[in-house]
Amino acid sequence: MNDIEKARAYIEEADAIYITAGAGMGVDSGLPDFRGNEGFWNAYPVIKNLGYSFVDMANPKWFLENPHLAWAFYGHRLNLYRQTVPHDGFGMLKELVEGKKDYFIFTSNVDGQFQKAGFDSDKIHECHGTIHHFQCTRCPQLVYSADDIEVKVDLKKFDALTIPKCPSCGEVARPNILMFGDWGWDSSLSDDQARRLEDFKADVYENNYKLAIIEIGAGRHIPTVRYESESTARELDGFVVRINPRDYEIDERIGEGIALGGLEGLEQIVRV
């Protein structure tokens with residue numbers, strides 16, 4: 001039995017599915033790959049000219065020091081994610097979990113693509129927050145939906161033409177995303193999601209469900225998703241199917257690595 005056959009067999013036999021997804025999940029939908037400065041600069045050549053890296057830009061300080069630059073970056077991303085159509089792999093996963101006893105999703109992505117693909121929002125934990133909610137840079141515990149808010153961006157000048165403001169105090173708003181060096185992120189939404197995830201894990205344990213963990217596009221640079229997959233496998237005697245074209249290695253006692261991109265891997269393993 002080869003790697004793909006082993007992974008497919010375990011997923012077919014599983015009672016519950018835990019999907020863990022990193023940035024590589026969105027690449028097949030046409031979303032930028034920010035891994036490494038070159039990938040980031042290919043998506044934002046204007047920022048390359050400014051000499052900033054992704055880590056430099058993903059910093060809350062800009063909302064205070066230069067909100068036009070901050071919202072040019074995050075406003076463009078918000079508009080991009082709103083326009084993006086989730087690739088076919090999302091549909092394959094949705095069809096898969098609908099035939100199981102239970103499922104949950106853990107993602108470091110802030111793009112809202114799982115919700116857009118029709119997954120139950122109560123079964124998703126966005127560990128780094130979401131761009132589809134905003135928070136105030138001043139008011140504590142004020143997080144609100146961005147659904148009705150438009151952010152216009154001049155991409156040639158890389159300048160936000162509109163700056164979202166807090167509906168309560170009028171200060172500059174920011175996305176409800178955990179950034180680098182970020183002590184002001186309001187994690188209340190993510191915390192609620194985390195509690196529902198713990199309920200899912202408790203149900204898996206109490207019902208002795210056979211758990212398959214499908215990890216897609218989670219690299220080593222920020223290993224949050226990889227750690228979650230591996231620790232859950234050890235905690236609940238689960239099996240990880242790690243789909244990644246480069247960083248696919250995993251301890252064979254807890255999983256199988258598949259050296260493919262997200263969509264291609266799902267087509268090989270999940271598609272009936």
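Helices (H or I, at least four residues) and strands (E, at least two) are DSSP runs, numbered from the N terminus. The structure described here is a predicted model.

**Two loop residues with positive phi**

Asn208 sits in the loop between H10 and S9. Its phi is near 55°, a positive value in a residue other than glycine. Asn208 counts as exposed because its relative accessibility is 67%. Asp237 belongs to another loop, the one between H11 and strand S10 (239-243). For Asp237 too, phi is near 55°, which is positive although the residue is not glycine. With a relative accessibility of 64%, Asp237 counts as exposed.

**Helices H10 and H11**

Two packed helices are described by the angle between their axes and the distance between the axes. H10 and helix H11 (residues 224-236) pack at about 35°, and their axes lie 11 Å apart. On the H10 side the contact is made by Leu197, Lys201, Val204 and Tyr205, and on the H11 side by Glu228, Thr232, Glu235 and Leu236. By class, the residues of this contact are four nonpolar, one polar and three charged.

Glu235, a residue of helix H11, is partly exposed, with a relative accessible area of 49%. Between Glu235 and Lys201 there are 34 residues of separation in sequence, and their C-alpha atoms are 9.4 Å apart in space.

**Strand S9 and Glu215**

Strand S9 covers residues 211-216 and includes Glu215. Is Glu215 buried or exposed? Glu215 counts as buried, because its relative accessibility is 0%, and buried means under 20%. Leaving aside residues up to four places away in sequence, Glu215 touches Thr20, Val225, Arg226, Ser229, Val240, Val241, Arg242 and Ile243.

**The second largest pocket**

The second largest pocket holds about 400 Å³ of space. Its lining consists of 21 residues, and those nearest the centre of the pocket are Gln115, Glu126, Thr130, His132 and His133. Which element gives the most to the lining of the second largest pocket? H10 does, with five residues. Sorted by class, the lining has two nonpolar, twelve polar and seven charged residues.

Trp71 is located in helix H7. Trp71 is buried, as its relative accessible area is 0%. Trp71 and Glu252 are 181 residues apart along the chain, and 44 Å separates their C-alpha atoms.

**Cysteines**

A disulfide is a covalent bond between the sulfur atoms of two cysteines. How many disulfides does the model have? The count comes to zero. Cys136 is in no disulfide, and the nearest cysteine sulfur, that of Cys166, is 3.6 Å away. Likewise, Cys166 is in no disulfide, with the sulfur of Cys136 as its nearest cysteine sulfur at 3.6 Å. Cys136 is buried, with a relative accessible area of 3%. Cys166 also counts as buried, at a relative accessibility of 4%.

**Pro60**

Pro60 lies in the loop between helix H5 (54-57) and helix H6 (62-65). At 15% relative accessibility, which is under the 20% limit, Pro60 counts as buried. Apart from residues up to four places away in sequence, Pro60 touches Arg174, Met179, Phe180, Gly181 and Asp182. Pro60 and Trp185 are 125 residues apart in sequence, while their C-alpha atoms are 8.9 Å apart in space.

**Separations along the chain and in space**

The table sets out the C-alpha pairs discussed above.

| Residue pair | Separation in sequence | C-alpha to C-alpha distance |
|---|---|---|
| Glu235 and Lys201 | 34 residues | 9.4 Å |
| Pro60 and Trp185 | 125 residues | 8.9 Å |
| Trp71 and Glu252 | 181 residues | 44 Å |

Technical notes. Residues are numbered from 1 along each chain as its sequence is written. This is a predicted model: local features need pLDDT of at least 70, side-chain atom pairs count only at pLDDT 80 or more; totals for chains, interfaces and linings use all residues. Side-chain values use heavy atoms; hydrogens and water are left out. Buried means under 20% relative accessible area, exposed over 50%, partly exposed in between (1.4 Å probe, protein chains only). Contact means heavy atoms within 4.5 Å. On a 1 Å grid over the protein atoms alone, a cavity is a set of points where a 1.4 Å probe fits but cannot get out, and a pocket is an open set with protein on both sides within 12 Å along at least five of seven lines; lining residues have an atom within 4 Å of a point. Grid points are joined across faces, edges and corners, and a volume is the space filled by probe spheres set on the points. Ala, Val, Leu, Ile, Met, Phe, Trp, Tyr, Cys and Pro count as nonpolar, Asp, Glu, Lys and Arg as charged, and the others, Gly among them, as polar. A disulfide is a pair of cysteine sulfur atoms within 2.5 Å. Axes are lines fitted to C-alpha atoms, for helices over the stretch in contact, and angles run from 0 to 180 degrees between N-to-C directions.
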